[in-house]
Amino acid sequence: MAGAMSAMTFRPSAAAMTTAGMAAGGARQVPLFPQAPLMRQPFALLPAGSIKPSGWLLRQLHIQAAGLGGHLDEFWPIVGSDSGWSGGKGESWEDGPYFLDGLVPLAWQLDSPQLKAKAMRFIDWTLDHPWDNGMFGPRSNDDWWPRMVMLKVLTQYHELTGDVRVVPLMTRYFHYQLQAIPTRPLRDWGRMRWQDELVSVLWLYQRTHDAKLLELAHLLKQQGYDWQSMFAHFPFTRKTDADALRKQAGGNDVFMQDLGLQVHGVNNAQALKASPVWSVVSGRAADRDAVHHQLQMLDTYHGLPNGMFSADEHLAGRSPSQGTELCTVVETMFSLEVALAITGDAALGDRLERIAFNALPGALTDDMWAHQYNQQPNQVECSLHREPWTTDGPESNLFGLEPNFRCCTANFHQGWPKFTNSLWMATADQGLVAMSYAPCTVTTMVRDVPVIVEQASDYPFRQTVSIIVKPQRALAFPLQLRMPAWSQGTHIAVNGKPIQVTSGFTTIERTWAPGDTIEVSFNAEVKTERGYNGALSFSRGALVYALPIKENWVVWRKRGPTNDWQVYPGSRWNLGIAPDAHVAVSEHPIGDKPFAGAAPAVQLALQGRYVPAWKASEGSADPVPAEAESSTDEAPQSVTLVPYAGAKLRITAFPLLS
Ligand SMILES: [Zn+2]
């Protein structure tokens, strides 16, 4: 541990010293925008560390740190002391980098010496043990894929610390890869996920302007899977038929070939950034905008009311009894964060919030000590069943340490910390933009002047946001606010004076004096959406609502400091709702665990009637019956819906009463 502690001493790079806003503290760097020959983009993520969580978001990150996020390495050997990514003989593939991709930003956002020391065990080993040929990482494999994840870790770590070892290591690695991949090309996971490496290649190019990096960018595109073409003529409009795929592959492992990899959920999640990121190199607006069609195809054929698409673990159609993997949730979030900066499309921010505030906490216990591999919008039981998954195993919707497979155990950590880091971004006209409205403090440089922005809010549980702008001295710059499409009649005032609101983004141009205050009031009406078989689901603002089913938690097996759990229903759930049902909204205090179902911060009260014909089989609700099949003689029932994540057993999509 002594080595790890000494390495935490700040080592600013020469480049960081000249370009960073060092006066603002630590290794803080200024946001970098692509320059010619790269395509311009409207927004750029602020360097990691610029945004600190506050309010309920800080509590949520503390829960993550007190749960698996801060303790996984202590009892899970996969990322323990024998990890190949810290010089051991143990697991040497994607899990170490996955864990760090969330641990690194979390450690610095919480400014936790313990968590930083845990991260430095891996980072120091990685930076101090490159191969002679420029490769890095464990010597037991030369797979490009896990290194793509570690590059994401190193870029964040460099932004946080300015460590001088990062840029030379990445430069040598990319030079090595440039000469190696013509004969050892991208394959399987790396071939499908090339765009994630491109993010890191462009990150380095913006710092060194090394022309070889653009050569590598073109090679990655050339060897990588062409997602844009696949979605241009999207053939996967139904639930994946695993047996048919296996037959087509003629006895080979179809799920490691394009036939299977192109319908793989996590691959599709990561692919949502492919076109926007490539457009930065190609300069083509059509590439940049292809993400919209991609999302539209996923929504049309696999969309779920929690903002995600189904894939369990392959694309699974629109029935709300299908699942979505937790890795798919956090990778979709990261893709949207990157795509939002490049496209400047506010709708991607709406989508990001819906996933972050519903699907992400929905897959984890309130204390973040257990997670699901697959979550279902209509989740009536979490038990050992092979149905209804396309290809996943019987443990997939249990809450536990590593149900079904261990990837999500290591990978979910990036969700909240990276979301935190994308709450505000820099704008190309040297201003700032509020992308999402969770509570935080931004410390950055605007036009060479240190600026602090404090965003106080209980959004998404409440609809008002208060933003205090604190430039070091009076400073003119544009400040933009993302306007969620669901809010009609948003009210914005600066120091009490109303501002003209425009859809997409509202821009406020003024000379900001320290202490200027922006008050935003969104108008969140209860909205109904129609999905699979005409099913009704309810949202209000960024939150999706679900009928909570009484939960009976049963320990299935002990897993060190945590458990694997099955959850059985203790109340009726087969509720139908009339299209004109009256909904009453009530607000309640926001608990220490913001998303916990025991004390929901908002409730929707309405009436429905049970539909006896709607049953469950193999632990899952049968597909929601269509209106014509949902007749009932049952008496009306008063029920209460709660935010999606607060109900670990739930109905989110209701049959329409005939
Ligand atoms: Zn996973």
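In this predicted model, the lining of the second largest cavity is made up, by class, of seven nonpolar, two polar and three charged residues. That cavity holds about 80 Å³ of space, and the residues that line it include Gln60, Asp366, Lys593 and Lys648 as well as Ile63, Leu364, Met368 and Phe595.

**Cavities**
- The count of cavities of 30 Å³ or more comes to five, and the largest cavity contains about 630 Å³ of space.
- Of the 33 residues lining the largest cavity, Leu45, Glu159, Val199, Trp203 and Val338 are the closest to its centre.
- Helix H10 (194–208) is one of the elements that supply at least two residues each to the lining of the largest cavity, and H10 gives the largest share, with seven residues.
- The lining of the largest cavity divides into 20 nonpolar, seven polar and six charged residues.

- The largest pocket has about 530 Å³ of space, and of its 27 lining residues the closest to the centre are Leu304, Pro305, Gly307, Arg354 and Glu529.
- Helices H17 (285–302) and H19 (346–362), together with strands E15 (526–530) and E16 (536–540), each supply at least two residues of the lining of the largest pocket, which comprises 10 nonpolar, seven polar and 10 charged residues.
- The second largest pocket has a volume of about 400 Å³, and Val30, Pro31, Phe33, Thr427 and Gln430 are the closest to its centre among 20 lining residues.
- Strand E7 gives the most to the lining of the second largest pocket, with three residues, and this lining has 11 nonpolar, six polar and three charged residues.

Methods
Residues are numbered from 1 along each chain as its sequence is written. This is a predicted model: local features need pLDDT of at least 70, side-chain atom pairs count only at pLDDT 80 or more; totals for chains, interfaces and linings use all residues. Side-chain values use heavy atoms; hydrogens and water are left out. On a 1 Å grid over the protein atoms alone, a cavity is a set of points where a 1.4 Å probe fits but cannot get out, and a pocket is an open set with protein on both sides within 12 Å along at least five of seven lines; lining residues have an atom within 4 Å of a point. Grid points are joined across faces, edges and corners, and a volume is the space filled by probe spheres set on the points. Helices (H or I, at least four residues) and strands (E, at least two) are DSSP runs, numbered from the N terminus. Ala, Val, Leu, Ile, Met, Phe, Trp, Tyr, Cys and Pro count as nonpolar, Asp, Glu, Lys and Arg as charged, and the others, Gly among them, as polar.
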